[in-house]
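Thanks for coming. I will go through one structure today, starting with its core and then moving to a sheet and a loop.

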Amino acid sequence: MKKDLILVGGGGHCRSVIEAAESAGRKIRGILDLPQFVGSEVSGYKVIGSDDDIPAYVEDCEFLVTLGSIENSVPRQKLHRRIKEAGGELATVVASTAFLSPRACVGAGTVLLHQSVVNSAASVGESVIINTGAIIEHDAVVGDLTHVSTGAKVNGACRVGARCFVGSGAVMVQGVSLTDDSFLGAGSLLAKNAVEAGTYVGFPARKIK
């Protein structure tokens with residue numbers, strides 16, 4: 001029997017994760033957030049403590065970082081690190097309408113939201129967000145703590161580094177790479193390797209200062 005979930009971080013992304021977790025049959029114990037939000041609710045679940053309370057739930061719960069990220073993944077990185085340093089176990093949640101190939105590999109702490117796809121021989125790291133309708137095609141690799149946003153397409157054999165953001169509707173042409181700590185803007189087309197960390201936007205995408 002799977003342990004209850006503790007969601008770490010409230011807000012809009014937390015609401016989406018709740019929908020995915022409920023659809024997957026996972027029981028949610030509660031949410032940890034900033035101290036000023038203790039006692040409030042997110043989608044009917046109580047904020048039962050703050051980040052400082054992570055150690056209290058290590059024995060009988062699993063954790064998910066449910067703080068979203070766009071341009072800055074540092075807050076997610078810090079929460080991920082706090083959970084692991086406390087000895088917490090990270091959960092993996094796959095929404096009922098998502099497709100995860102049995103031949104793919106997905107790391108702990110990762111969530112696949114509704115209608116997302118992780119196809120055959122793909123490899124997805126730890127604490128990754130595969131958002132609603134996003135596609136990770138065959139043989140693609142997505143690094144730790146990356147967010148692949150709504151409707152984005154990471155095509156076959158692409159490489160997305162760690163701590164990246166792939167914006168809504170962005171497309172990576174088959175086999176191209178996006179290096180660590182990079183941002184690919186919404187609706188952009190990455191047609192060649194992005195070898196320097198930075199922000200890439202446009203059709204085709206180019207690095208901006």
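Which residues in the largest nonpolar core touch the most other members? Keep in mind that this is a predicted model. The core has 46 residues, and the ones that touch the most other members are Leu7, Ile136, Val148, Met172, Leu178 and Leu184. Two or more residues come from each of these elements: strand E1 (4–8), helix H1 (12–23), strand E2 (28–32), strand E4 (45–49) and strand E10 (111–112). H1 gives the largest share, five residues. There is also a second, separate core of twelve residues, with Val8, Tyr57, Val58 and Leu90 among them.

Leaving out residues up to four places away in sequence, Ile136 touches Val117, Val118, Asn119, Ala122, Val124, Ile130, Val142, Val148 and Val154. Val154 is also the bridge partner of Ile136 in E17. The two strands here are E14 (residues 135–136) and E17 (residues 153–154), and they pair in the parallel sense over two bridges.

In general, strands of a sheet pair through backbone hydrogen bonds, either parallel or antiparallel. Here, six strands make an open sheet with parallel pairing, in the order E8-E11-E14-E17-E20-E23. E8 and strand E23 (189–190) are the edge strands, and each pairs on one side only.

Ser101 sits between strand E8 (99–100) and strand E9 (105–106). Is Ser101 buried or exposed? Ser101 counts as buried, because its relative accessibility is 5%. Beyond residues up to four places away in sequence, Ser101 touches Val118, Asn119 and Ser120. Val118 and Asn119 are also among the contacts of Ile136.

Technical notes. Residues are numbered from 1 along each chain as its sequence is written. This is a predicted model: local features need pLDDT of at least 70, side-chain atom pairs count only at pLDDT 80 or more; totals for chains, interfaces and linings use all residues. Side-chain values use heavy atoms; hydrogens and water are left out. Helices (H or I, at least four residues) and strands (E, at least two) are DSSP runs, numbered from the N terminus. Buried means under 20% relative accessible area, exposed over 50%, partly exposed in between (1.4 Å probe, protein chains only). Contact means heavy atoms within 4.5 Å. A nonpolar core is a set of buried Ala, Val, Leu, Ile, Met, Phe, Trp, Tyr and Cys residues joined through side-chain atoms within 4.5 Å. Two strands pair if DSSP finds at least two bridges between them.
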